[in-house]
Amino acid sequence: MSELVTGEAVALELRPARLPSRGLATLLDLTVALVAYLVVSLALLAATASLDEAAQMAVSIATFLLVLVGGPIAVETLSHGRSLGKMACGLRVVRDDGGPIRFRHALVRGALGVVEILLTLGVVACIASLVSARGRRLGDVFAGTLVVRERVPAARSGFVPPPPPWLAGRFQGLDLSAVPDGLWLAVRQYLGRMNQLDPQVGRAMAERLAGDLAERTGAPVPPGVPSAAYLAAVLQERQVREARRAFAGGPVMGAPAAGGPAAGAPGVPYGLYGPSAPAPGPAPYGPAAPYGAPASAPYRASAAQERGDGGRGEGTAATGFVPPA
């Protein structure tokens, strides 16, 4: 991936096209251009048969410049960087800041392409692409452009990983009634796509969402708990409450009944999804780590904790959160 920064300071992650795909796209473009050049040349040759040799030479040079040089420039300008070959290979020419190219970019690329591709049979373009870290030829360097891939394998998204076991039952007493649906949607979208984000961008988004969620609930994020883990735990708490309301018909876990003590208080049993005993006090947490990163501190859990099934013997997928040291 290549990180491009737009004029609004937004980081874009684009996948530069490599030499094989660019070579195939260029070959398709050249094939179409050469066929068009031959057809136009034969038609002009028949039309200018009565002219002298100098006039025919001038017409041939003009045909070469218009078809083999001006044609690709016009196509890339009108299609914003998508020629026929690039469309077939799923490629596109963009500016260094990720925006669409204009006529001056296509003009520089086309003018240097005559030397790089036509006159040297693509040798100079291949060497420049191999040397460049982002696979750019000389025309891209001087024009300030980059060829990127538009069709990339779709990454799996939408799966929200469960919170770590050491946060189970930690947020049963939170008041979630003031959290709007838009914030819940933003939290779910972030958790489902956080593995596709840049680590720094993802960490900043998690901290911002955790701050908004803590402001709505009136309880700050517990010290030592990563922001992404906090978001996952609170989101699961909301899902548990919704499930209890929809299927169990009992009071919402963590919400005190009218005129009664809160669930989980001494002498008050938990509901269908609550533990049979009050959750123990939180253990000291290690430094916050990126959500989804493997544990860096030495940690040894019991067999039931390693399975993540609470001792029931059922294997579950790992959460990816870092447990407390």
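The model is predicted, so local features need pLDDT of at least 70 and side-chain atom pairs count only at pLDDT 80 or more, while totals for chains, interfaces and linings use all residues. Residues are numbered from 1 along each chain as its sequence is written, and side-chain values use heavy atoms, without hydrogens and water.

**Helix H1**
- Helices are DSSP runs of H or I with at least four residues, numbered from the N terminus.
- Arg22, Ala25, Asp29 and Ala33 of H1 are buried (under 20% relative accessible area; exposed is over 50%, partly exposed in between; 1.4 Å probe, protein chains only).

**Aspartate 140**
- Aspartate 140 lies in helix H6 (residues 138-143) and is buried, at 0% relative accessible area.
- Leaving aside residues up to four places away in sequence, aspartate 140 touches Arg22, Arg109, Thr145 and Val147 (contact: heavy atoms within 4.5 Å).

- Leucine 121, in the loop between helix H4 (103-119) and helix H5 (123-131), is exposed at 75% relative accessibility.
- Leucine 121 has a positive phi of about 55° although it is not a glycine.
- Histidine 80 also is not a glycine and has a positive phi, of about 60°.
- Histidine 80 sits in the loop between helix H2 (53-78) and helix H3 (84-89) and is partly exposed, at 39%.
- Most residues other than glycine have a negative phi.

Conventions
Helix = DSSP H or I, 4+ residues; strand = E, 2+ residues; numbered from the N terminus.
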